[in-house]
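Dear colleague,

Please find below the structure that I am handing over to you. My notes on what was found in it follow directly after.

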Amino acid sequence: MEASSKQQKKSENSSLSSSSKLLLYSYWQSSCSWFVRFALSLKGLPYEYKPVNITKGEQFSPDFKRLNPLHFVPVLVDGDITVSDSYAIVLYLEDKYPQRPLLPADPRLKALNLQAASIINSNIQPLHMVSLTHLKEKVGPEESLSFAQLNTEKGLLALEMLLKDFASRYATGDEVYMADVFLAPQIVVSTTRFNINMSKFPTLSRLHESYKILPELEASSPERQPDAVR
C-alpha cells in the first residue's frame, strides 16, 4: 500500500513538473479561452500566456495558422502536442493531468457534465461569434444582438432543464466540474455582453451566485489577463 501511494504521488508530481511547458494562446475577451484558463486554474497548472489579438487579425499569421488552420483561439501547446478547441483542450487536460478531476466518477453525472459543456461549446458560443462578426457587419448591431440573445436564451433554457434536478452548490453537486468550467464564464458573458435576464433561469441564477466567489474564476477572468484592455 505504501509503495502504491508513493508511486501515485510520484506520478502526480511528474505531471505537475511537466506542466511548466504548457503554452496557452489566448485572447482576453475570448469566452472559449476563458473556459480553458478556468480549467487550468482549477487544476493548479502553471502555463505561459501567449496573447493573440484577434481584433488585429493576429490569428491569421502564418505562425498561428500552423497551430490552428481554423484561426481560432484557444490553442494549447504541451511539448510536442498541440490541441485546439476549448472542449478538446479541457478533455486533454483531464487525461494528461488527472489531479483535481473535472469529471466525476459516476457515469450519469459524467455524462451530464459532458452534455452541458457541449451545449455551451457547440450550440451557444459559436453563435456569439457569428453575431459579433459576420452578422453584425451584414445586418447591423441591433439585429445581431437580437440573434445572439435568442440563441443564448435557447441554450440556457436547455441547460436549466438539464441541470435543475441535479444542481446543488454547483451544476452537478457540491464540487466544481466540467459543466461549471463552461457554464460559469458563459453566464458572465451572457449577462454582460448580451444583456440576458437570468431571472428566467432560476437554477442557473443560483449557480451564478456560487461561481462569483470562486477565486479560480476570478483569476481566469478577462480583466485579469495580461492583454486586457482597460
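Helices α7 and α9 are roughly perpendicular to each other, because the angle between them falls in the range of 65 to 115 degrees. Please note at the outset that the model is a predicted one. Two packed helices are described by the angle between their axes and the distance between the axes. For α7 and α9 the angle is about 85°, and their axes lie 8 Å apart. On the α7 side, the residues that take part are L156, L159, E160 and L163, and they meet P202, T203 and L204 of α9. By type, the residues of this contact comprise five nonpolar, one polar and one charged.

**Overall composition**

The protein contains ten helices and four strands. Along the sequence, these elements follow the pattern α-β-α-β-α-β-β-α-α-α-α-α-α-α. Of the 230 residues in the protein, 47% are buried. Among contacts between residues at least 6 apart in sequence, 69% join residues that are at least 24 apart.

**The sheet and the helices beside it**

The four strands form an open sheet, in the order β2-β1-β3-β4, with mixed pairing. Its edge strands are β2 (48–51) and β4, each of which pairs on one side only. Neighbouring strands of the sheet are turned by 20° against each other on average, with direction ignored.

Strands of a sheet pair through backbone hydrogen bonds, either parallel or antiparallel. Strands β1 and β3 pair in the antiparallel sense, over four bridges. In this part of the sheet, L24 stands opposite L76 of β3. Helix α2 lies across β1 and β2 and runs at about 150° to β1. Helix α4 also packs on the sheet, where it touches β3 and β4, and its direction makes about 135° with that of β4.

Strand β3 (residues 75–78) pairs with strand β4 (residues 81–84) as well, in the antiparallel sense and over four bridges. Within this pairing, D78 has I81 of β4 as its bridge partner. The hairpin of β3 and β4 has two residues between the strands, and G79 in this hairpin takes a positive phi near 65°.

A88 counts as partly exposed, because its relative accessibility is 31%. Although A88 and L76 are twelve residues apart along the chain, their C-alpha atoms are separated by 9.9 Å.

**The nonpolar cores**

The largest nonpolar core has 53 residues, of which F38, L93, L159, F182, L183, L204 and Y211 touch the most other members. Each of the following elements supplies at least two residues of this core: β1 (22–26), α2 (31–43), α4 (86–96), α5 (107–132), α7 (141–163), α8 (178–193) and α9 (202–211). A second, separate core consists of ten residues, including Y25, Y27, Y49 and V77. L159 and L204, named above for the largest core, also belong to the contact of α7 with α9.

Which residues does F38 contact, leaving aside its neighbours within four places in sequence? They are V176, D180, V181, A184, P185, L214, E216, L217 and S220.

**Backbone features in the loops**

Most residues other than glycine have a negative phi, and most peptide bonds are trans.

- The peptide bond from V73 to P74 is cis, with omega near 5°. P74 lies in the loop between α3 (62–67) and β3.
- H71, found in the loop between α3 and β3, has a positive phi near 65° although it is not a glycine. H71 is buried, because its relative accessible area is 19% and the cut-off for buried is under 20%.
- D85, placed in the loop between β4 and α4, has a positive phi near 80° and is likewise a residue other than glycine. D85 counts as partly exposed, because its relative accessibility is 37%.

With kind regards

Technical notes:
Residues numbered from 1 in each chain as written. Predicted model: local features only at pLDDT ≥ 70, side-chain atom pairs only at ≥ 80, totals over all residues. Heavy atoms only, no water. Pairing = 2+ DSSP bridges. Core = buried A, V, L, I, M, F, W, Y, C linked by side-chain atoms within 4.5 Å. Buried < 20%, exposed > 50% of the residue type's maximum accessible area, 1.4 Å probe, protein only. Contact = heavy atoms within 4.5 Å. Axes fitted to C-alpha atoms, helices over the stretch in contact; angles between N-to-C directions. Parallel < 35°, antiparallel > 145°, perpendicular 65-115°, else oblique. Nonpolar A, V, L, I, M, F, W, Y, C, P; charged D, E, K, R; others polar.
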